[in-house]
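I opened my notebook to look through this structure one piece at a time. Come along and check each entry against the picture.

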Amino acid sequence: MEKGIDERNQELIHYVNILKNQIGENGLEDYYINELAKHTPTIVVKQEVYQKVAKIVKSHPDMQFEYLTELHGTDFQTHMEVFLYLQSISRKRSLILKTKTDRDQPIVASVTSIWEGAMWPECEAYDLLGIRFEGHPNLHRIFLGEDWKGYPLRKDYKDENPLK
Amino acid sequence: MLRTEEMILNVGPQHPSTHGVFRLILKIDGEIIHEATPVIGYLHRGTEKIAEDLQYTQIIPYTDRMDYLSAMTNNYVICHAVETMMGIEIPERAEYLRVIAMELGRVASHLVWWGTYLLDLGSQSPFLYAFRDREMIINLLTELSGARLTFNYMRIGGVKWDAPDGWIKKVQEFVPYMRRQLAGYHELVSGNEIFISRVKGVGKYTKNDAIAYSLSGANLRSTGVSWDVRKNDPYSLYDRFDFDVPVRQEGDALARYECRMAEIDQSLKIIEQACEQIPSKGPVLGKVPRMIRPPKGETFVRIESPRGEIGCYIASDGSKEPYRIKFRRPSFYNLQILPKLLKGENIANVIAILGAVDIVLGEVDG
């Protein structure tokens, strides 16, 4: 187990170096090994470079995270967060990529042009949390319908939709 | 002058072949589909929102209702997420019982798929055979958990209670019976010419498409990608069993059929080994604190359900309720490719393509 963790640390540092080379020092907010999530390398990037980073982690030969396992948002009250769990099927490695956005004006670039699988999950995050994904070809309220008031998964949500 | 015009054909939401409440709006020109728009959300119950006010053990019954055809895997994924966060060790006997229950659930789920898929294609008797055998599994799981479908059997740190006396033996007797039945099913359907002409080359997509659209389970493995979380990122005891991951190359509905049928066989193999290895007695619940409070932080775990990769994300603030819980529901991701598959298809193939994805609407809508 110890050896595995060492290896992941090196991996993470390698990813971070690649990203620093391509987007500069300022784009990265934080990076760490998430011990609670089976020691998965985690990278937090600034919202402005998020889409660019997504492109790099998918296409760089040392990363090749071609499979999007999961995309969702969370309301942390001080900010909104978008969480991506990525998988490289060819390299058998996984990576968590996160970005933060403003809570009142949550706008994040869409990654649907990079992973088509992000299509519905981004709609889900928009529907339940109100995060706008710019560049999404068909962003709509996938579960609740366009006439629903408010975004239920926000912590300050109050139900204004009377039962008919 | 003769002219054709586009027509809108509405399928569902209440249509037997949509396997739940699922609506599909088809724009057709003659018999060719120009555009397919899925409409979902009819079964959205806000599980994630409800769960934010519940303690972890109280959330388990809600997971039963997501993928109601294989509730055991859903039970497992939330327990596994909390156990991963808290570093809880699970007693061997409990973990074996979980594996047996999950694999029985997988067989039952694939049987429902097999029966209903053939019913969709116009063949009636397989449905009756499949449900007869599935009922035997349901009976076994009822004996184990006390419920037919919504088991609520697993607990954080183990299982609710031990298996009744003689239960393992009954499972062991079921395995060879199911093998014989499976051979019969292959004889009845797998080589049937009408069946093959309905599914061969239908709903075809490539390996790259499958990966780009985040497909998982048999939908991914039918395109030649050998990816099964049980093998590639082993959880529970799956590294102790000898089993294969069935993979096909063609990427059509027939390949998905073959993958699922082969998976039943592999699950039986796992059940057989688990029944032999299970310790005859021992605790079934590990050392778990009275109040379950995962440490502050977040986790994401995934396991292999019959429909693909099911994942669970938990953000904890150290209290007894999750701050945020999110389930990665495989049917939701698998269904995304449908508009692409249906474009340009003949309407006669709609049901064959939709059925081959194997969705459960409780899971699509969350």
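Which residue forms a salt bridge with Lys98(A)? I looked it up, keeping in mind that this is a predicted model. The partner is Glu298(B), and the closest N and O atoms of the two are 2.1 Å apart. Lys98(A) sits in strand β5 of chain A and Glu298(B) in strand β8 of chain B, so this pair joins two chains.

**Entry: where the chains meet**

Next I looked at the interface itself. I found 43 residues of chain B in contact with 43 residues of chain A. The area buried between chain B and chain A is about 3,700 Å², and carbon and sulfur atoms give 58% of it. Glu298(B) turns up again here: together with Phe300(B) and Tyr323(B), it supplies 19% of the area that chain B buries against chain A, more than any other three residues. A reminder to myself on why I noted an area: the accessible area lost when the parts come together is often used to give the size of an interface.

How many salt bridges cross the interface of chain B and chain A? The rule finds 5. I also looked up the salt bridge between the side chains of Lys155(A) and Glu52(B), which is 3.2 Å from N to O.

**Entry: the sheet in chain A**

Lys98(A) is in β5, so I went on to the sheet that holds this strand. What is the order of the strands in this open sheet of chain A? I read β1-β2-β5-β4-β3, 5 strands with mixed pairing. At the edges stand β1 (28-34) and β3 (67-75) of chain A; each has a single partner strand, so one side of each is left without a neighbour in the sheet. From one strand to the next, the twist averages 20 degrees.

I then followed one pair of strands. β3(A) and β4(A), residues 80-88, pair in the antiparallel sense over 8 bridges. Leu71(A) has Leu84(A) in β4(A) as its bridge partner.

Helix α2 of chain A (residues 50-59) lies across β2, β3, β4 and β5, running at about 170 degrees to β5(A). Helix α3 of chain A (residues 119-129) lies across β3 and β4, running at about 10 degrees to β3(A).

**Entry: strands in chain B**

In chain B, 3 strands form an open sheet in the order β8-β9-β10, with antiparallel pairing. The edge strands are β8 (297-305) and β10 (324-328), each pairing on one side only. The twist averages 10 degrees from one strand to the next. Between β9(B), residues 308-316, and β10(B) I found 5 bridges. Tyr313(B) has Lys326(B) in β10(B) as its bridge partner.

I also looked at a hairpin in chain B. Strands β4 (residues 23-29) and β5 (residues 32-39) of chain B pair in the antiparallel sense over 7 bridges. Asp29(B) is the bridge partner of Ile32(B) in β5(B). The hairpin has 2 residues between the strands, and Gly30(B) takes a positive phi near 65 degrees.

**Entry: charged side chains in chain B**

Over all chains, the count of salt bridges comes to 39. I picked out some within chain B.

- Glu83(B) and Arg98(B) meet in a salt bridge of 2.7 Å, N to O. Glu83(B) is in helix α3 of chain B and Arg98(B) in helix α4 of chain B, 15 residues apart. Glu83(B) is buried, with a relative accessible area of 3%, and Arg98(B) is buried at 0%.
- Asp358(B) and Arg260(B) form a salt bridge with the closest N and O atoms 3.7 Å apart. Asp358(B) lies in the loop between α14 and α15 of chain B and Arg260(B) in helix α11 of chain B, so the pair ties together parts that are 98 residues apart in sequence. Both Asp358(B) and Arg260(B) are buried.
- A network of salt bridges links Glu103(B), Arg106(B), Arg221(B), Asp228(B), Arg230(B), Glu263(B) and Glu304(B).

**Entry: a charge without a bridge**

Last, I looked up Asp252(B), in the loop between α10 and α11 of chain B. Is Asp252(B) buried or exposed? Asp252(B) is buried, yet it has no salt bridge. The nearest side chain of opposite charge is that of Lys204(B), 5.4 Å away; a salt bridge would need the nitrogen within 4 Å of a carboxyl oxygen. Leaving aside neighbours within four places in sequence, Asp252(B) is in contact with residues including Val199(B), Gly201(B) and Lys204(B).

Terms used. Residues are numbered from 1 along each chain as its sequence is written. Chains are lettered from A and ligands numbered from 1 in the order in which they are written. This is a predicted model: local features need pLDDT of at least 70, side-chain atom pairs count only at pLDDT 80 or more; totals for chains, interfaces and linings use all residues. Side-chain values use heavy atoms; hydrogens and water are left out. Helices (H or I, at least four residues) and strands (E, at least two) are DSSP runs, numbered from the N terminus. Buried means under 20% relative accessible area, exposed over 50%, partly exposed in between (1.4 Å probe, protein chains only). Lys and Arg count as positive and Asp and Glu as negative; His and the chain ends are not counted. Contact means heavy atoms within 4.5 Å. Two strands pair if DSSP finds at least two bridges between them. Axes are lines fitted to C-alpha atoms, for helices over the stretch in contact, and angles run from 0 to 180 degrees between N-to-C directions. Buried area is the accessible area (1.4 Å probe) that two parts lose on being put together, summed over both.
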